[in-house]
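Morning, everyone. I have one structure to walk through today, and I will keep it quick. Please look at the screen.

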Amino acid sequence: MKLKLNAEIAKKLLIARWRQTLVAAVGVTFSITMFITLLSFMTGLNDLLDNLILNRTPHINLYNDIRPSQNMPADLSIEFKNYHNFISSVKVKNRDADIYNNNAIIKTLKSDNRIKGIAPKVITQVFFNTGQSVIAGVINGIDVEAEKNLFFFDDYITKGKSIDLKNISNSIILGKGLADKLLANIGDIIYISTTQGETFSLKLVGIFQSGLHDFDKTQSFASLSTVQKILKKPANYITDIQIKLFDVNKAPAMAKEFNKTFETDAEDIQTANAQFETGSFIRTIIAYSVGITLLIVAGFGIYNILNMMIYEKMDSIAILKATGFAGRDVKNIFIMIAVWIGLFGGTLGLIFGFLLSSVIDQIPFNTAALPTIKTFPINYNPYFYIIGSVFSLITTYFAGYFPARKASKIDPVIIIRGK
Amino acid sequence: MTKTILEAQNITKYFHDPVTTKVLNNINFKIDKGEFVSIVGKSGCGKSTLLYILSTMDTDYEGDVIIDKQSMKNKKEKQLASVRNEKIGFVFQFHYLLNEFSVIENVMLPGLKLGKHTREEVESRALQKLKMLEIDKLALKKANKISGGEKQRVAIARALINDPLIIMGDEPTGNLDKKNSSIVFDIFKKLSDEYNQTLLIVTHDQGFAQNTNRTIIMEDGKIINHG
């Protein structure tokens with residue numbers, strides 16, 4: 001009953017000064033709109049940049065690094081067990097880069113329910129021959145289907161079709177930079193030679209553009225079996241097993257686990273790409289601080305308008321107090337006014353924010369580095385809308401609180417006697 | 001036996017700005033139920049200051065105010081507000097109506113605040129008070145759309161809405177012309193005679209004071225005649 005009466009008075013005061021109220025609400029609307037748009041746009045761009053790398057990076061990569069043996073014969077010998085052994089000029093072992101027993105490993109991984117999928121790979125260095133000159137590059141033997149499903153391989157194919165790698169034997173897809181250097185077009189025959197000196201000819205079926213120039217200048221893709229054939233290796237020769245998880249945050253722990261169980265090297269995405277995490281974290285902080293500054297500025301707008309309203313309404317406050325309204329009632333009335341402005345302005349702000357970000361979403365954005373992106377990226381995360389509404393209520397509450405407290409302390413005697 | 005409604009006990013008050021001066025010096029008096037009392041005195045004699053202390057709005061004084069057998073000393077702001085709401089009706093020199101509200105809503109506000117009756121009851125009571133003051137036809141008009149004399153009558157209706165023990169007035173006719181002044185006075189007289197309403201009015205209008213039951217005369221912060 002009491003609260004309802006206060007609400008009724010607050011409503012009347014609001015409507016009586018609807019122009020002022022509107023100005024205050026527009027301030028909130030503007031700031032929430034910008035907050036939502038800014039965050040959606042900034043995080044959209046952020047995700048785009050991150051995905052440029054992260055989409056194509058396995059969450060965990062299993063491989064065998066070329067390195068010296070961990071256990072030197074001198075350490076193993078019983079005779080020298082209690083000695084410090086110093087061995088100089090240690091060399092790496094002569095062994096292949098493939099993963100031992102990879103069939104069993106793949107089988108185990110496929111039954112692990114934390115894993116979304118796996119893609120085996122054979123990576124080797126080759127030379128591309130063009131006329132008299134030789135260009136060093138890398139050829140990746142991939143399982144096309146798995147690569148498409150897990151690492152969005154198709155998104156980066158600008159010419160040709162990725163599935164042709166599988167359908168056409170002895171075929172290859174070149175990075176754009178590499179193809180330009182070789183002056184190669186789809187259908188052309190590419191000559192390569194391996195580090196062992198063998199020469200092969202492969203048919204170009206596609207051009208690949210990742211957005212990372214250096215990457216496109218050296219990388220090429222062929223099917224698993226093609227690369228195994230080039231290397232003269234059997235069909236179970238695999239150098240990398242790429243794993244994609246359901247929960248990327250589990251990667252570091254699982255990498256350690258696989259390192260132990262399978263006795264291979266295991267690198268998680270967080271270790272491999274630490275700089276991306278830092279970069280996107282800092283960009284997000286910038287976006288939030290700009291957004292929150294906007295909201296605080298809107299808060300000052302409400303504060304000013306309520307302060308003015310209180311000076312105008314001194315008489316009303318005095319008579320309300322004289323006729324039995326306590327300081328607390330007066331405070332509640334003005335806080336209610338502020339919160340209503342916040343609610344009204346904030347709701348409009350959420351709607352306009354959504355509309356503005358949809359408009360940005362339609363603006364064409366073509367860049368050579370990002371072949372699959374046609375418009376500006378927008379992240380429609382509901383989380384931003386929740387933060388926006390909560391924060392608009394909090395700022396308007398505080399913007400209302402201080403003037404309201406002042407109103408509650410007005411001494412009616414001073415006002416009434418002053419007339 | 002007559003019932004004492006309001007009692008001032010040894011009230012002394014100082015103003016501290018710009019220099020400390022004693023404005024009220026040991027004031028003692030009582031008002032019984034049904035009395036129509038006026039306080040007169042020269043400007044600056046402290047009569048309004050006394051009224052605001054008695055009204056519980058001013059709490060910076062020495063001594064005590066007893067309203068309806070209750071001491072007002074040591075009461076909290078919220079408790080004083082509810083005493084004002086329930087037991088005191090105010091009429092000031094200026095009407096202090098809320099322009100955002102209609103006439104009847106202005107009258108109803110203190111009644112709604114009291115919360116003793118439902119909204120409908122408060123509304124019918126408000127209408128009844130307006131009728132008594134012959135301004136019921138203005139009920140639905142906005143408060144800023146009526147004349148000065150009418151506004152003061154609305155203010156009186158507002159003072160009456162909770163059937164207060166006492167009505168306090170601070171120069172209620174000070175801003176009105178002769179005709180409206182006499183209307184307001186007649187209303188007070190009628191309230192006193194017909195409804196046995198207790199009234200305490202501060203005025204410098206000699207004619208007004210002479211027609212009340214009792215006139216308290218003040219000079220330099222002291223009562224020199226209890227009437």
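In what order do the six strands of the open sheet in chain B run, and is the pairing parallel, antiparallel or mixed? The order is 6-7-8-3-9-10, and the pairing is mixed. Before I go on, note that this is a predicted model.

On average, neighbouring strands here are turned by 25° against each other, direction ignored. Now take one pair. Strand 6 of chain B and strand 7 (residues 166-170) of chain B run parallel, with four bridges between them.

Chain B has another open sheet, with four strands in the order 2-1-4-5. This one is antiparallel. Which strands stand at its edges? They are strand 2 (21-32) and strand 5 (70-71) of chain B. Each has a single partner strand, so one side of each is left without a neighbour in the sheet. Inside the order, strand 1 (residues 4-15) of chain B pairs with strand 4 (residues 62-67) of chain B. That pairing is antiparallel and has five bridges. Thr12(B) sits opposite Glu62(B) in strand 4 of chain B.

Next, a helix pair. Two packed helices are described by the angle between their axes and the distance between the axes. For helix 3 (residues 103-114) and helix 5 (residues 148-160) of chain B, the angle is about 30° and the axes are 7 Å apart. That angle makes helix 3 of chain B roughly parallel to helix 5 of chain B. The crossing of helix 3 of chain B with helix 5 of chain B is right-handed.

Which residues meet there? Helix 3 of chain B brings Val103(B), Asn106(B), Val107(B) and Pro110(B). Helix 5 of chain B brings Val154(B), Ala157(B) and Arg158(B). By class, this contact has five nonpolar residues, one polar and one charged.

Now two asparagines in chain B. Most residues other than glycine have a negative phi. Asn74(B) has a positive one, about 65°. Asn74(B) is in the loop between strand 5 and helix 2 (77-87) of chain B. Is Asn74(B) buried or exposed? It counts as exposed, because it has 8 C-beta neighbours inside 10 Å and the cut-off for exposed is 12 or fewer.

The other asparagine is Asn196(B), with a positive phi of about 55°. Asn196(B) lies in the loop between helix 6 (178-195) and strand 8 (198-202) of chain B. With 11 C-beta neighbours inside 10 Å, Asn196(B) counts as exposed.

Over to chain A, and to strand 2 (residues 115-130). Strand 2 of chain A pairs with strand 3 of chain A, antiparallel, over ten bridges. In that pairing, Ile123(A) has Asn140(A) in strand 3 of chain A as its bridge partner. The two strands form a hairpin with two residues between them, where Gly131(A) takes a positive phi near 60°.

Strand 2 of chain A also runs antiparallel to strand 9 (residues 240-245) of chain A, over six bridges. There, Pro120(A) is partnered by Ile241(A). Four bridges join strand 2 of chain A to strand 6 (residues 189-194) of chain A, again antiparallel. Asn129(A) stands opposite Tyr191(A) in strand 6 of chain A.

One residue in strand 3 (residues 133-142) of chain A: Ala136(A). Ala136(A) is exposed, with 10 other C-beta atoms within 10 Å. Leaving out residues up to four places away in sequence, Ala136(A) touches Gln125(A) and Phe127(A). The C-alpha atoms of Ala136(A) and Val126(A) are 6.2 Å apart, though ten residues separate the two along the chain.

Last stop, the contact between the chains. How many residues does each chain give? Chain A gives 23 residues and chain B gives 23 residues. On the chain A side, the elements giving two or more residues are helix 1 (2-16), helix 13 (314-322), helix 14 (327-362) and helix 16 (412-418). Helix 13 of chain A gives the most, with six residues. By class, the chain A side has twelve nonpolar, four polar and seven charged residues.

Notes. Residues are numbered from 1 along each chain as its sequence is written. Chains are lettered from A and ligands numbered from 1 in the order in which they are written. This is a predicted model: local features need pLDDT of at least 70, side-chain atom pairs count only at pLDDT 80 or more; totals for chains, interfaces and linings use all residues. Axes are lines fitted to C-alpha atoms, for helices over the stretch in contact, and angles run from 0 to 180 degrees between N-to-C directions. Angles under 35 degrees count as roughly parallel, over 145 as roughly antiparallel, 65 to 115 as roughly perpendicular and the rest as oblique. A crossing is left-handed if the near helix is turned anticlockwise from the far one by less than a right angle, and right-handed if clockwise. Two residues are in contact if their C-beta atoms, placed from the backbone, lie within 7 Å. Ala, Val, Leu, Ile, Met, Phe, Trp, Tyr, Cys and Pro count as nonpolar, Asp, Glu, Lys and Arg as charged, and the others, Gly among them, as polar. Two strands pair if DSSP finds at least two bridges between them. A residue is buried if 20 or more other C-beta atoms lie within 10 Å of its own, exposed if 12 or fewer, and partly exposed in between; C-beta atoms are placed from the backbone.
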